[in-house]
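Subject: Structure handover

Hello,

Here is the structure for you to look over. My notes follow below it.

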Amino acid sequence: MVLLLVCVSCVVCACRKREERDTRLMVIENSCKELIQNPAVPKRTSELAETVLAGWRDKVTKPEPILIHAGYLQLREKNYSLLMLTMSDEDFDVAGFGVKETHTRSDHNSIVVEEKYPVFPSPGIGHAQIIRFQERESALQRKDEQAWANYVANPDRVIVYRRGQSPKIWIAIPAPPEIEVEIYIYDFAGNESEPVPLEYGTAGRGRQKCLLVTENSE
Ligand SMILES: [Ca+2]
């Protein structure tokens with residue numbers, strides 16, 4: 001009897017996992033197809049979308065996350081800007097993102113800023129995400145390590161995150177060649193994606209809409 005219950009439970013669990021993967025695949029297929037078919041999307045981004053799509057379709061769950069595109073929008077009437085991550089993680093456990101900035105001064109000396117932001121409170125993230133951030137205007141504006149350690153240790157972290165009360169996130173607005181910015185994502189198991197350059201606007205069909213919003217707010 002006990003064995004029978006265990007078997008039924010295993011079958012139900014396997015069905016749920018398959019359904020969950022099918023739903024996630026449907027979402028990722030839509031966003032990847034949009035990127036692949038849009039001629040305005042940079043070749044590097046559409047190639048990453050093709051890699052992601054092939055990865056999901058082979059039905060072998062790979063744990064390494066892939067960041068397809070990292071875009072930003074400056075909201076002139078707000079005290080924050082938006083980071084828009086188009087990403088894929090087949091086991092859906094993205095924990096946060098990292099930022100790598102190179103600030104080159106007029107004397108040609110460079111300052112490199114590297115920070116990791118564990119924004120997501122628990123596994124369950126693996127698709128597109130929009131995150132508020134503060135524009136770093138100087139390489140001296142840095143992540144508050146203590147505030148982030150407190151945030152990660154907070155047992156009510158999920159509630160804090162949902163209320164948008166996580167500590168400040170600093171990201172410089174790219175201005176090459178003086179300021180170059182790359183973003184990558186990582187998961188709870190410690191797997192990291194390759195970095196991609198931070199670019200103005202979002203990827204895909206939303207790109208034009210986002211650009212229009214920004215231009216109209218000027
Ligand atoms: Ca993962």
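Over which residues does pLDDT stay under 50? That stretch is residues 207–218. The model has twelve contacts there beyond four places in sequence. Here pLDDT is the predictor's confidence in each residue, from 0 to 100. Two residues are in contact if their C-beta atoms, placed from the backbone, lie within 7 Å.

This is a predicted model: local features need pLDDT of at least 70, side-chain atom pairs count only at pLDDT 80 or more, and totals for chains, interfaces and linings use all residues. Residues are numbered from 1 along each chain as its sequence is written. The mean pLDDT of the protein is 86, and 86% of its residues reach 70 or more.

Overall make-up

The protein has five helices and eight strands. Both are DSSP runs numbered from the N terminus: helices are H or I with at least four residues, strands are E with at least two. From the N terminus the order is α-α-β-β-β-β-β-α-α-β-β-β-α.

The sheet

Eight strands form an open sheet with mixed pairing, in the order S4-S3-S7-S8-S1-S2-S5-S6. Strands S4 (110–117) and S6 (170–171) stand at the edges with a single partner strand each, so one side of each has no neighbour in the sheet. Two strands count as paired if DSSP finds at least two bridges between them.

S3 (residues 94–104) and S4 run antiparallel, joined by eight bridges. Thr-104 has Ser-110 in S4 as its bridge partner. The two strands form a hairpin with five residues between them, and His-108 in the turn has a positive phi of about 70°.

S2 (residues 81–88) pairs with S5 (residues 129–135) in the antiparallel sense, over five bridges. Met-84 has Ile-130 in S5 as its bridge partner.

The core

Of the 218 residues, 28% count as buried. Buried means 20 or more other C-beta atoms within 10 Å of the residue's own, with C-beta atoms placed from the backbone. A nonpolar core is a set of buried Ala, Val, Leu, Ile, Met, Phe, Trp, Tyr and Cys residues joined through C-beta atoms within 7 Å.

The largest such core has 36 residues. Leu-67, Ile-68, Leu-85, Phe-97, Ile-183 and Ile-185 touch the most other members. Elements giving two or more residues to this core include helix H1 (2–37), strand S7 (179–187) and strand S8 (196–200). Leaving aside neighbours within four places in sequence, the contacts of Ile-185 include Pro-65, Leu-67, Leu-85 and Phe-97.

Best wishes

Methods. Buried ≥ 20, exposed ≤ 12 C-beta atoms within 10 Å, placed from the backbone.
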